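These exercises go through one structure, contact by contact and sheet by sheet. Each task is followed by a worked solution.

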Amino acid sequence: MKYIKEFRDGESARHIAANIAAEVHPDTAYNFMEFCGGHTHAISRYGIADMLPPNVRMIHGPGCPVCVLPIGRVDLAISLALDRGVILCTYGDTMRVPASNGLSLIKAKARGADVRMVYSAHDALKLAKQHPEREVVFFAIGFETTTPPTALVLRDAKARGLNNFSVLCCHVLTPAAITHILASSEAREIGTVPLDGFIGPAHVSIVIGSQPYVPFAQTYHKPVVITGFEPLDVMQGILMLVRQVNSGRAEVENEFSRVVTPGGNVTAQTIMAEVFELRESFEWRGLGEVPVSALQIRQEFADWDAERKFDLHYASVPDHKQCECGAILRGVKRPADCKLFGTVCTPESPMGSCMVSNEGACAAHYSYGRFRIVAHADK
Amino acid sequence: MSTPKNYLRPIDFKHGHIDMTHGAGGRAAAQLINELFAKAFDNDYLRQGHDGALLPLPAAGQLVMATDGHVISPLFFPGGDIGCLSVHGTINDVAMSGAKPLYLAASFIIEEGFALAELKRIVESMAAAAREAGVPVVTGDTKVVEKGKGDGVFISTTGIGVAPPGLCIDGRQAKEGDVILVSGTLGDHGVAVMSLRESLAFETAIESDTAALHTLVQALLQALPDTHTLHVLRDPTRGGLATTLNEIARQSQVGMVLEESAIPVLPQVAAACELLGLDPLYVANEGKLIAICAPEVADQLLAAMRAHPLGQNAQRIGTVIEDSHCFVQMNTTFGGRRVVDWLSGEQLPRIC
């Protein structure tokens, strides 16, 4: 496969791994957070952790869209589908997110709700055109990567006067979340969250550019390397972070320069700004309320905003008491530190959101890395 | 079954539809059986016209029986349809014990309103598959359910076969040191079906691999001086290679290590999986088998696979190791190692 195989080449990987091994200082600990679920998935799927020296540790961040979706938001979607009789469309992973009363969208579907998995926002709009007699709601989740397509369908729906279509908007913003992690009390208390640098988002950065990361790299003195999702990208990104740490730099560097520019995709940004505005505050699963960290639909598009159209009111729902997703998402704990991990919480019956998507820290660890703990325990 | 000719107006297979009378056991049902099923599947046993087929006992050996329900959507897909799939699926289940499949039974659950033209196409495809495999459909049943209570047609098939006396091929026999072979490229069926789903209309040249594997199994057995060196045969259908190997690892209480670079996947299947976020190791196959054998016969077995038309792309993909945790692990082409876990949830619903 052209342009894919090249970025998964084992020999180049061994070459970069040798460079990392040669350049790390044996007495220094390198704790890097990869923000995106896409990176978490690549690290697990290709066994990258195996190829790093023991003092380079990767911490899985909160950049998995379904992982940070709070229970209360999924409850809203379920109530629309079960009680209001709408056709509820959403991306595949969202279907399994555990919500209140032991429900999830997939379980609501089994109880008669009309829930459809779509591969794009446009497919949801198509359904609305095909079923003029039904209300169709697109449950829109994700970071800046999935936001422009949602903005496009909202604009399209308004232009066509498609009144049976609306969007339940749960789009969130990356820079706000990273800043929140760094500004948390744990991070300020030196030594509790040892973060020495960030593998910066890949696809998100295509949209927003590399510029938005500069302020917090400077404020918090943490290096950021914007890195692609292919395994060689990740290896190279880690090497660049090691070099920044070794030379005491805290800059925003761009490994993913084949698509990411400083300014990002201005067309996409313009469309987003036309349709969405900042939300005062949004609850993230695991992080809690984070000010100005999410988007809401502008007044001009109110008729296509499911929250206004169906008069929905958000109610926060706490996670399972023993669930450590919050601490795991902030990098304070590892999946195996959670009492529920691998026992009552598995990919088949997830208790917490990190176990739902294969981009989630817990699911990735359970599916791909579990054998290492077992092997370690056996020794 | 001797409805006189010209007594009833022939069924309109071009424009007609199934209605409730076709399942009611009356004249309409008898006519459908005569004009469609009996004609397509025609053989001596079916001509007996009994409720059950009277079959001769095999001279020696062990009887093997398997059953499989087919609910695939869409009913027609590149490379096949629910008809031939329902024949291949059950023949393969019988063959994976090392048995020679002898007879099939078929049960149809048809939804009211289903087009007779489509039913005819399915039944004829099924009959062609059975004839080609040399395994007759000797008995059957037809039921009709009200509109909205089914989805076109569901087909259950049951197969009976005979395995040589003493032959013992099953999922509990994998041993430390054994070699894992696969008979060809993985994921073709699942991706071919996905390519047709309404919301995923991408153009693709991928065809389902649906095929009857019993002749390949016989060729493998004949290639071995001692058939006890072949320990496990399994067709990796739902859940794909990954799930099937995990099942075997658990049954045999062993671990496995795969080499990603040796696992055959067509470039177009790999590309489609990239787009859809699927892992080809978890995508269904309908014409591939996994063989686990003693290391000393692995080369012989691989050569026998490759000499058969259905095993040309066969590969040696891994080995069985001792592991009380029964992990299936894989050395990635990238240079790391990871677990290849059970499929969790539903990757692709209703693909067989």
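The model used throughout is predicted.

**Exercise 1. Classify the packing of α1(A) against α11(A), and list the residues that meet.**

Step 1. The helix α11(A) spans residues 231-246. Its axis lies 10 Å from that of α1(A), and the two pack at an angle of about 15 degrees.

Step 2. The class limit for roughly parallel is under 35 degrees. α1(A) and α11(A) are therefore roughly parallel to each other.

Step 3. The hand of the α1(A)/α11(A) crossing is left.

Step 4. From α1(A) come Ser12(A), Ala13(A), Ile16(A), Ala17(A), Asn19(A), Ile20(A) and Glu23(A). On the α11(A) side they meet Pro231(A), Leu232(A), Met235(A), Gln236(A), Ile238(A), Leu239(A), Val242(A), Arg243(A) and Asn246(A).

Step 5. Sorted by class, this contact holds 10 nonpolar, 4 polar and 2 charged residues.

**Exercise 2. Describe the domains of chain A and the contact between them.**

Step 1. The domain assignment places residues 1-321 in domain 1 and residues 325-378 in domain 2.

Step 2. Taken over C-alpha atoms, the centres of the two domains of chain A are 19 Å apart.

Step 3. Domain 1 of chain A puts 32 residues into the contact and domain 2 of chain A puts in 20.

Step 4. On the domain 1 side, α2(A) and β2(A), the latter at 56-63, are the elements that give two or more residues. The largest share, 6 residues, is that of α2(A).

Step 5. The domain 1 side divides into 15 nonpolar, 11 polar and 6 charged residues.

**Exercise 3. Describe the side of chain A that touches chain B.**

Step 1. The contact joins 26 residues of chain A to 20 residues of chain B.

Step 2. In chain A, α1 (10-23), α2 (37-45) and α15 (361-378) each supply at least two residues of this side. α15(A) gives the most, with 6 residues.

Step 3. The chain A side consists of 13 nonpolar, 5 polar and 8 charged residues.

**Exercise 4. Work out the four-stranded sheet of chain B: which strands are at its edges, and which helix packs on it?**

Step 1. The 4 strands run in the order β1-β6-β4-β5 in an open sheet of mixed pairing.

Step 2. β1(B), residues 62-70, and β5(B), residues 137-145, each have a single partner strand, so one side of each is left without a neighbour in the sheet.

Step 3. Neighbouring strands are turned by 15 degrees against each other on average, direction ignored.

Step 4. β4(B), residues 100-111, pairs with β6(B), residues 153-163, in the antiparallel sense over 10 bridges. Within β6(B), Thr158(B) is the residue opposite Ala105(B).

Step 5. Helix α3(B), residues 82-95, packs on the sheet and touches β1, β4 and β6 of chain B. The direction of α3(B) makes about 30 degrees with that of β6(B).

**Exercise 5. Repeat this for the seven-stranded sheet of chain B.**

Step 1. The strand order is β8-β10-β7-β11-β9-β12-β13, in an open sheet with mixed pairing.

Step 2. From one strand to the next, the twist averages 25 degrees.

Step 3. β8(B) and β10(B), residues 290-293, pair in the antiparallel sense over 4 bridges. Arg234(B) has Ile290(B) in β10(B) as its bridge partner.

Step 4. Helix α7(B), residues 240-252, packs on this sheet, touching β7, β8, β9, β10 and β12 of chain B. The angle between the directions of α7(B) and β12(B) is about 130 degrees.

Note on methods:
Residues numbered from 1 in each chain as written. Chains lettered and ligands numbered in written order. Predicted model: local features only at pLDDT ≥ 70, side-chain atom pairs only at ≥ 80, totals over all residues. Contact = placed C-beta atoms within 7 Å. Nonpolar A, V, L, I, M, F, W, Y, C, P; charged D, E, K, R; others polar. Domains from an automatic or database assignment. Pairing = 2+ DSSP bridges. Axes fitted to C-alpha atoms, helices over the stretch in contact; angles between N-to-C directions. Parallel < 35°, antiparallel > 145°, perpendicular 65-115°, else oblique. Left-handed = near helix turned anticlockwise from the far one by under 90°.
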